[in-house]
Amino acid sequence: MNSPVLRRIASGFIAVLLLIYIGYQVYNSNYSRIKTETAAYATAQDTISAKGAAVRKEALIRQEKSGVLTYALSSGGKIAKGGVVADLYDSAAAATAQQQADSLSAEVAQLQKLSSPGDTYAANPDLLKKQIDQKLTLLLTAVQEQDYSGVPEARSNLLYLLNERQIVTGKSKDYSSRIAELQKQLQSASPSGGGKTGQIKSPAAGYFINSADGYEEKWD
């Protein structure tokens, strides 16, 4: 390798290899082996309009006894065979007193549940907020659609979540005074005796609707 001729030959060979490498890199950076095509963005839709009718297999539940009727479940509620659909009372005052007592009892039970250690203290405030928004929407929808039979349940669910959020956020720690107050109201609101004269039960399992549309006997 001390010969000038050999050094020039080696240098020339290295230079050629370097040029080939550079040319190969330039070629790869400007040309791709993947074939491409131009694509255009577009939106297409196809709809079919149709009219239909739904016929439900319904049966009337006939009331054979007289009295003031109060429903035991909301319209659209699921009922088992032999389940209580409504209660009968001998007067409107007795029916109202029982409804007030049931409402107070339900609120007491909710507050007692909230006052007991459990999942309440591990609840997520953000999740509670979403649930409150959902229950509030259901309540407003029931009022707007005049489905007043579903209002008490929607109100009760919303009130429970609001009270739970009060505990989770630390704004309220104890409902004992409220429970005591409700229990006093419950004692005065509970019917003193009598009042209830009977019950109306479902002859079959299904879903209860508290109104009739005249098509109950049209099922073939």
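Select Glu181 to begin: this residue is partly exposed, with a relative accessible area of 40%. Partly exposed lies between buried (under 20% relative accessible area) and exposed (over 50%), with a 1.4 Å probe and protein chains only. The model is predicted, so local features need pLDDT of at least 70 and side-chain atom pairs count only at pLDDT 80 or more, while totals for chains, interfaces and linings use all residues. Residues are numbered from 1 along each chain as its sequence is written, and side-chain values use heavy atoms, with hydrogens and water left out.

**Salt bridges**

Arg178 and Glu181 are separated by about one helical turn because they are 3 residues apart in helix H5. Helices (H or I, at least four residues) and strands (E, at least two) are DSSP runs, numbered from the N terminus.

Is Glu107 buried or exposed? Glu107 is buried, at a relative accessible area of 14%, whereas Arg178 is partly exposed, at 30%. Together, Glu107, Arg178 and Glu181 are linked in a network of salt bridges.

Now go to helix H3 (residues 125-144), where Asp133 and Lys129 lie 4 residues apart, about one turn of the helix. They form a salt bridge with closest N and O atoms 3.4 Å apart. Asp133 is partly exposed at 37%, and Lys129 is partly exposed at 42%. A search of the whole structure finds 3 salt bridges.

**Nonpolar cores**

Select Ala101, Leu104, Val108, Leu111 and Leu114, then Tyr160, Ile167, Tyr175, Ile179, Leu182, Leu186 and Ala189. These make up the largest nonpolar core, 12 residues in all. Such a core is a set of buried Ala, Val, Leu, Ile, Met, Phe, Trp, Tyr and Cys residues joined through side-chain atoms within 4.5 Å. Helices H2 (92-115), H4 (151-168) and H5 (176-189) each give two or more residues to this core, and the largest share, 5 residues, comes from H2. A second, separate core has 8 residues, including Leu128, Ile132, Leu139 and Val151.

**An aromatic pair**

Select Tyr71 and Phe208. The whole structure holds 1 aromatic pair. Tyr71 and Phe208 form this tilted pair, 5.4 Å centre to centre with 50° between the planes. Rings of Phe, Tyr and Trp (its six-membered ring) pair if their centres lie within 6.5 Å; planes under 30 degrees apart count as stacked, over 60 as edge-to-face and the rest as tilted. Tyr71 sits in strand E1 (residues 68-71) and Phe208 in the segment after strand E5 (206-207), 137 residues apart. Phe208 is buried at 9%, while Tyr71 is partly exposed at 42%.

**The whole chain**

Finally, show everything. The protein chain has 5 helices and 5 strands, and from the N terminus on its elements run α-β-β-β-α-α-α-α-β-β. Of its 220 residues, 22% are buried.

How values were computed: Salt bridge = Lys/Arg side-chain N within 4 Å of Asp/Glu carboxyl O.
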